[in-house]
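Colleague: I am new to this structure and would like to go through it with you step by step. Could we look at it together?

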Amino acid sequence: MSSAPRPDDRGRDRDDEGRARNARPRDGLGRPLAYGTEGVERQPEGVTRTPDETVTQAQALLDAGRPFHAHEVFEDAWKSGPEDERDLWKGLAQLAVGLTHSARGNLTGGARLLLRGAGAIGAGKWGELPYGIDLDGLVVWARQLAESLDGDGPTVDAAEHAPRLRGDGGGSD
């Protein structure tokens, strides 16, 4: 088992195998904070969850206004899940990152990622409500949010605009 990341000779955080592992604390939107600052609890990397656990945990993080952290949960699913589902989980991760960018003030990048994620999950190849996920509702949510973003507009409140992953139209608006 790897120990906590530690700085290498250039001051970059590395794990025991030499892979980059940023140990800086992060805020609720995943932005790195200064060492010694108290951040929010990070999602552990490389966790294998059932699809139901993935959706449930990601929804809790989205509801808490932590879409960056929800993206990490989806990323674990896409990396550890069956090959034929990777695009589904990757698309969901892109939606979470799109919301993250929008909440950080990168509205143009947020809109692009929301539309990219909507395209990935809206391809119609996933069947009806895979794992209870309302893909059609999420596509509508992502497109509406992307259309509402203005490059010079205010940031988006991540918790207020969190999508509903299961069965209630895909959005909380």
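Colleague: Against which helices do the buried residues of H5 pack?

Modeller: This is a predicted model, and in it the buried residues of H5 are Leu-135, Gly-137, Leu-138, Val-139, Trp-141, Ala-142, Leu-145 and Ala-146. These buried residues pack against H3 and helix H4 (107-121).

Colleague: Are H3 and H5 roughly parallel or roughly antiparallel to each other?

Modeller: The axes of helix H3 (residues 86-104) and helix H5 (residues 135-148) come within 11 Å of each other, and they cross at roughly 30°. Angles under 35 degrees count as roughly parallel, and H3 and H5 are therefore roughly parallel.

Colleague: What distance separates the end C-alpha atoms of H5?

Modeller: H5 has 14 residues, which at 1.5 Å a residue should span 20 Å. The distance between the end C-alpha atoms agrees with this, because it is 20 Å.

Colleague: What pattern does the chain follow when read along the sequence?

Modeller: The chain has 173 residues, of which 42% count as buried, and its elements are five helices and two strands. Read along the sequence, these elements follow the pattern β-β-α-α-α-α-α.

Definitions and conventions. Residues numbered from 1 in each chain as written. Predicted model: local features only at pLDDT ≥ 70, side-chain atom pairs only at ≥ 80, totals over all residues. Heavy atoms only, no water. Axes fitted to C-alpha atoms, helices over the stretch in contact; angles between N-to-C directions. Helix = DSSP H or I, 4+ residues; strand = E, 2+ residues; numbered from the N terminus. Parallel < 35°, antiparallel > 145°, perpendicular 65-115°, else oblique. Expected span 1.5 Å × (residues − 1). Buried < 20%, exposed > 50% of the residue type's maximum accessible area, 1.4 Å probe, protein only. Contact = heavy atoms within 4.5 Å.
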